[in-house]
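Here are a few friendly notes to read with the model open beside you. Take them one point at a time and find each residue as you go.

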Amino acid sequence: MGESRTELLAWLNDLLQINYTKVEQCGTGGAYCQIMDSIFDVPMARVKMNAKHEYEFIANFKILQNVFRQHKIEKPIPVEKLVKCKMQDNLEFLQWCKRFWDTNYGGQGYDPVARRRGAPTDTPATIAPLAPSRGSAGSLHAGPSRAGGRTPVTGHRSGSRAGSTQPNEALQNLQAQLREMNVHLEGLEKERDFYFAKLRDIEILVQQQMEVLQAEDKDDPVLRDIQKILYSTEEGFEVPEATVDEEETF
C-alpha cells in the first residue's frame with residue numbers, strides 16, 4: 001500500500017523545499033518535474049513552478065514527458081487527468097513518483113532552490129475542481145485549517161448565532177467559487193489563444209508553401225489535406241462573418 005497524503009506531502013516539501021498543503025497542487029506539473037530533476041537533469045529554467053493556468057500545466061508536463069522519453073521510462077503520464085488537479089489522480093501518480101525516486105535516487109546532495117534559481121513555487125490557493133466537493137458547502141472556503149468545512153462548535157451552543165452565520169458563510173462560499181470560476185475562465189481563454197496562435201502559424205506556413213508550389217505549377221497532397229483539416233467544421237458550427245483582416249505582424 002502506498003504512502004498516505006500526509007506522508008507524501010511531508011516527503012515532497014522536504015525534498016523540494018516547498019510548502020504544498022494539498023496533493024492536488026502537484027497537478028501544475030512543476031513538482032513532478034523537480035522530483036525527476038533530483039534524479040536526472042531536467043531543464044528547470046523552463047519549468048514554471050508557480051503555474052496558475054492549465055496551458056502552463058500542460059507545458060510543464062511536456063517537459064516531464066520529454067524526460068521520460070529520454071530516459072526510456074515507460075510509465076504513461078495521464079496528463080489530461082492530472083492537469084484537472086483532482087486529488088485521486090495526483091495521489092496515485094505522486095505515489096508512483098515516490099516509489100520511482102526510492103529506487104533511483106542515488107543519495108547525492110540536491111539543492112532544489114538553486115536548481116530552480118529561486119523561482120517562486122506558490123500555486124493557486126484553491127485549484128480545480130471548481131464545484132463543491134462532497135461534504136459540507138463550506139469546503140470551497142480557502143483556509144489553513146481543514147476544520148473550516150464543519151459547523152463551528154460555538155454554533156451548536158447558540159442557535160440564533162448559528163442562524164446568523166450560515167447565510168454569511170454561504171455567501172462567502174459563493175464569492176470564493178465565483179472568483180475561482182473567473183480565474184478558470186481566464187485560463188481557458190489564454191489556453192484558447194495559445195493554441196489558436198499555433199494553428200494560425202501553421203495556416204500561414206501552409207499558405208505560403210502552397211503559393212510557392214502553385215507558382216511552380218506543382219501540387220502537394222499532404223498540404224491540401226492539412227488545409228482541409230484546418231478549414232473543416234463540425235455540424236452546428238457556423239463560420240463567423242468575414243471581416244477585414246488585420247495586418248499581420250511578424
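The points below go from the whole chain to single residues.

1. Some ground rules come before the details. This is a predicted model, in which local features need pLDDT of at least 70, side-chain atom pairs count only at pLDDT 80 or more, and totals for chains, interfaces and linings use all residues. Residues are numbered from 1 along each chain as its sequence is written, and side-chain values use heavy atoms, with hydrogens and water left out.

2. Begin with the overall fold. The protein chain has nine helices and zero strands; here helices (H or I, at least four residues) and strands (E, at least two) are DSSP runs, numbered from the N terminus. Of the 250 residues in the protein chain, 33% are buried. Buried means under 20% relative accessible area, exposed means over 50%, and partly exposed lies in between (1.4 Å probe, protein chains only).

3. Next, look at the contacts and the surface. A contact means heavy atoms within 4.5 Å. Among contacts between residues at least 6 apart in sequence, 64% join residues at least 24 apart. The protein chain exposes about 17,000 Å², and carbon and sulfur atoms supply 53% of that area, as computed by the Shrake-Rupley method with a 1.4 Å probe.

4. How many salt bridges are there? The count comes to nine, where a salt bridge is a side-chain nitrogen of Lys or Arg within 4 Å of a carboxyl oxygen of Asp or Glu. Side chains of opposite charge can pair when their charged atoms come close.

5. Find Arg-115 and Asp-37, whose salt bridge has its closest N and O atoms 2.6 Å apart. This pair links distant parts of the chain, with Arg-115 in helix α6 (residues 112-115) and Asp-37 in helix α2 (residues 30-37), 78 residues apart. Arg-115 counts as partly exposed because its relative accessibility is 31%, while Asp-37 counts as buried at 4%.

6. Glu-54 and Lys-84 form another salt bridge, with the closest N and O atoms 3.3 Å apart. Glu-54 sits in helix α3 (residues 54-70), and Lys-84 lies 30 residues away in the loop between α4 (79-82) and α5 (87-104). Is Glu-54 buried or exposed? With a relative accessible area of 15%, Glu-54 is buried, whereas Lys-84 is partly exposed at 38%.

7. Lys-98 is buried at 12% relative accessibility, and Asp-102 is partly exposed at 44%. Salt bridges with shared partners join Glu-3, Lys-98 and Asp-102 into one network.

8. Asn-90 is also in helix α5, and is buried with a relative accessible area of 0%. Leaving aside residues up to four places away in sequence, Asn-90 touches several residues, including Val-23, Cys-26, Tyr-32 and Leu-82. The C-alpha atoms of Asn-90 and Cys-26 are 6.6 Å apart, although the two residues are separated by 64 residues along the chain.

9. Finally, consider the cysteines. A disulfide is a covalent bond between the sulfur atoms of two cysteines; here the test is a pair of cysteine sulfur atoms within 2.5 Å. The structure holds zero disulfides. Cys-26 is buried at 0% relative accessibility, and Cys-97 is buried at 1%.
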